[in-house]
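Subject: Structure handover

Hi,

Here is the structure I promised to pass on to you. Please have a look at it first, and then read on for what I found.

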Amino acid sequence: MEPLRFRPRLEAIEDRVTPSVTPTEVFAAAFQTAQARETLRGLFQHLGEPMNVYEKPFWASFLPTLVQDSRAAHDDLAEFGNSLQTQSGSNATLAAALAPTLGRARALQAQAAANAFSAGVYAVGFGVPVQTVFPAPGPKTPPPFPGGAPFPDKKPTTPLNPQDDSGMTNTLPPVNASEWRTTASGLKIWDVVEGTGNAAVAGGNATVHYTGWLTSGTVFDSSRKDLATRPGVTGEPVDFSLKGVIQGWKEGIPGLKVGGIRRLFVPAALGYGAAGTSSIPPNSDLVFEVKLADVS
């Protein structure tokens, strides 16, 4: 692999520039981009060769992760470049000094985007569902509220009907997103929408819409008709006793309000562990999205 010719910090100007991403994050993004490029180049050179029974499953599992990591690297590099460009916009001397670094950052940003696209194309070739690596675009972000958000300290609430699955995603949520918060047990929680009704309580009953994914992007179970993996699923919410669910749900569902949507990244130890199930391999980390329809 070619040496990485990229320095996230520059002597003599670093005190005048404060990028919104740390130097460590920028270097990690640059390193990931270079490594991903070499990995994809090596894969391309061997695509015409016969593969053994272990290689195809490996690539089908590895490439979606590479897509996500490359997209995350792209976003960090884009934020770094945008920050440098903004801060040097009114200072011609600083802009001239930063120009080489900004150019390298933009080149790496473009390479990261190309890596994500190529890895996605190869993943589809290895049997990964298209929607896993190329999810449909979400709704456009509305223009910013004049003067900033009216209630910046409040979590979003929802006018969505809690009895249906509106507002839920059809694809694996990004496992490296900054919105995840990690609990002491290792469970990760992402509140997408805060509901407005009663909250689920530990040991109580919860009626929910849900989808569960393996980290490869494969749906292993869902109450939603469009994503169902079992026969007879009608798309109606399902009632659970929170006494009889996996530990990740026992910890992650209480506190969710009716109408709210919460995502859970459940480590294998808080899920089905070494035993797995017929649809979940042993020692699998799991991702769930849950919308609370009712509590009792």
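Helices and strands here are DSSP runs, H or I of at least four residues for helices and E of at least two for strands, numbered from the N terminus. Counted that way, the protein chain has five helices and seven strands. Please keep in mind that this is a predicted model.

Along the sequence, the elements follow the pattern α-α-α-α-β-β-β-β-β-α-β-β. The protein chain has 296 residues, and 40% of them are buried. Of the contacts with a separation of 6 or more, 73% are between residues 24 or more positions apart.

I then looked at helix H1, which covers residues 23–45. H1 has 23 residues and spans 33 Å from its first C-alpha to its last, close to the 33 Å expected at 1.5 Å a residue. Its buried residues are Val26, Ala29, Ala30, Gln32, Thr33, Ala34, Ala36, Leu40 and Leu43.

And how does H1 pack on helix H3 (residues 92–125)? Their axes come within 9 Å and cross at roughly 40°, which makes H1 oblique to H3. The crossing is left-handed. On the H1 side, the contact is made by Ala30, Thr33, Ala36, Arg37, Leu40, Leu43 and Phe44. H3 contributes Leu108, Gln111, Ala112, Asn115, Ser118, Ala119 and Tyr122. By class, this contact has nine nonpolar, four polar and one charged residues.

Best wishes

Definitions and conventions
Residues are numbered from 1 along each chain as its sequence is written. This is a predicted model: local features need pLDDT of at least 70, side-chain atom pairs count only at pLDDT 80 or more; totals for chains, interfaces and linings use all residues. Side-chain values use heavy atoms; hydrogens and water are left out. The expected span of a helix is 1.5 Å times one less than its number of residues. Buried means under 20% relative accessible area, exposed over 50%, partly exposed in between (1.4 Å probe, protein chains only). Axes are lines fitted to C-alpha atoms, for helices over the stretch in contact, and angles run from 0 to 180 degrees between N-to-C directions. Angles under 35 degrees count as roughly parallel, over 145 as roughly antiparallel, 65 to 115 as roughly perpendicular and the rest as oblique. A crossing is left-handed if the near helix is turned anticlockwise from the far one by less than a right angle, and right-handed if clockwise. Contact means heavy atoms within 4.5 Å. Ala, Val, Leu, Ile, Met, Phe, Trp, Tyr, Cys and Pro count as nonpolar, Asp, Glu, Lys and Arg as charged, and the others, Gly among them, as polar.
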